[in-house]
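Me: I would like to learn how to read the features of a protein model. Could you take me through one case?

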Amino acid sequence: MTSGILKSLLFIVLVGLLLLSCSGGLKISSNLSKGVDLKKYKTFAWSKPQDQDHESRKDDKMYSGFILRLANEELLKKGMVLDTLNPDAIFIFDTRVEEGMTYSRGVPEYTGFGYNGFGYYSGYYTPGHVKQSETETGMLYIDMLDAKTKIPLWGGWAEKKLSAKSDGEAIVRSAVKGIFSRMPLKNK
């Protein structure tokens with residue numbers, strides 16, 4: 001009996017570690033507006049982003065259709081119904097890829113021995129080199145507004161440092177699922 005409990009606990013710990021290792025730095029947050037009860041919102045629709053640069057930023061928008069499909073699946077799981085004619089809530093999303101720089105200092109290097117004016121041999125250290133690296137951070141924002149008042153109700157966002165090896169679809173899938181997992185509506 002004790003052996004079975006120990007195996008179960010070990011399995012749970014291993015699964016937890018596996019899930020944590022798969023997250024790979026995906027940061028997810030959300031915010032519910034004060035005093036809002038999302039249970040009264042049963043239907044939804046999507047609004048086109050108001051960003052004037054929306055059409056010019058094709059590189060950030062390549063997953064738009066995929067995001068909409070995944071988000072619709074998550075909202076349907078939560079019991080909401082798509083209604084483009086008379087929705088209770090309007091959702092809007094935006095993606096962004098921001099470029100940046102990171103700086104890191106290398107390890108100081110020992111240069112070896114030398115001769116100084118007093119006849120002694122001594123070594124010395126040189127400071128480590130500063131390495132500069134370009135970075136990209138991908139971000140996804142999803143906002144929920146009251147359809148009549150346009151007052152923000154809830155918002156969720158995700159961000160992750162990207163690399164040339166990043167699997168865009170997997171990141172988007174994890175981000176959308178993670179954002180909606182923080183939406184305070186129970187799945188039906």
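Predicted model: local features only at pLDDT ≥ 70, side-chain atom pairs only at ≥ 80, totals over all residues.

## Reading the model

Reply: At 42% relative accessibility, Arg69 counts as partly exposed.

Me: How many salt bridges does the structure hold?

Reply: The count is four. Another of them joins Lys77 to Glu74, with 3.3 Å between the closest N and O atoms. Lys77 and Glu74 are three residues apart in helix H2, again a separation of about one helical turn.

Me: Are Lys77 and Glu74 buried or exposed, or something in between?

Reply: The cut-off for buried is under 20% relative accessible area. Glu74 has 12%, so it is buried. Lys77 has 37% and is partly exposed.

Me: Which other residue forms a salt bridge with Glu74?

Reply: Lys177 does, the closest N and O atoms being 3.5 Å apart. Lys177 is partly exposed, with a relative accessible area of 43%. Taken together, Glu74, Lys77 and Lys177 are linked in a network of salt bridges.

Me: What share of the contacts joins residues 24 or more positions apart?

Reply: Among contacts in the protein chain with a separation of 6 or more, the share is 76%. Ile67 gives a local example. This residue lies in helix H2 and is buried, with a relative accessible area of 2%. Leaving aside residues up to four places away in sequence, Ile67 touches Phe93, Thr95, Leu140, Val172 and Val176. Ile67 and Leu140 are 73 residues apart in sequence, while their C-alpha atoms are 9.3 Å apart in space.

Me: Which residues does Thr137 touch?

Reply: Begin with its place: Thr137 lies in strand S7. Its relative accessible area is 12%, so Thr137 is buried. Beyond residues up to four places away in sequence, Thr137 touches Arg96, Val97 and Glu98, and also Glu159, Lys160, Lys161 and Leu162.

Me: How much of the chain is buried, and what makes up its accessible surface?

Reply: Of the 188 residues in the protein chain, 30% are buried. The accessible surface comes to about 13,200 Å², and carbon and sulfur atoms account for 59% of that surface.

Me: How much space lies in the largest pocket, and which residues are closest to its centre?

Reply: Read the volume, then the lining. The largest pocket holds about 490 Å³ of space. Its lining has 26 residues, and those closest to the centre are Tyr63, Val97, Gly138, Leu162 and Val172. Strand S4 (89–105), strand S7 (130–146), strand S8 (152–162) and H3 each supply at least two lining residues. By class, the lining divides into 13 nonpolar, five polar and eight charged residues.

Me: What is the phi of Lys150, and where is this residue placed?

Reply: The general idea is that most residues other than glycine have a negative phi. Lys150, a residue other than glycine, has a positive value, near 65°. Its place is in the loop between S7 and S8. At 52% relative accessibility, Lys150 counts as exposed.

Definitions and conventions: Residues numbered from 1 in each chain as written. Heavy atoms only, no water. Buried < 20%, exposed > 50% of the residue type's maximum accessible area, 1.4 Å probe, protein only. Contact = heavy atoms within 4.5 Å. Areas by Shrake-Rupley, 256 points an atom, 1.4 Å probe, with all protein chains shown as cover. Salt bridge = Lys/Arg side-chain N within 4 Å of Asp/Glu carboxyl O. Helix = DSSP H or I, 4+ residues; strand = E, 2+ residues; numbered from the N terminus. 1 Å grid on protein atoms, 1.4 Å probe; cavity = no way out; pocket = protein on both sides within 12 Å on 5 of 7 lines; lining within 4 Å. Points joined across faces, edges and corners; volume = space filled by probe spheres on them. Nonpolar A, V, L, I, M, F, W, Y, C, P; charged D, E, K, R; others polar.
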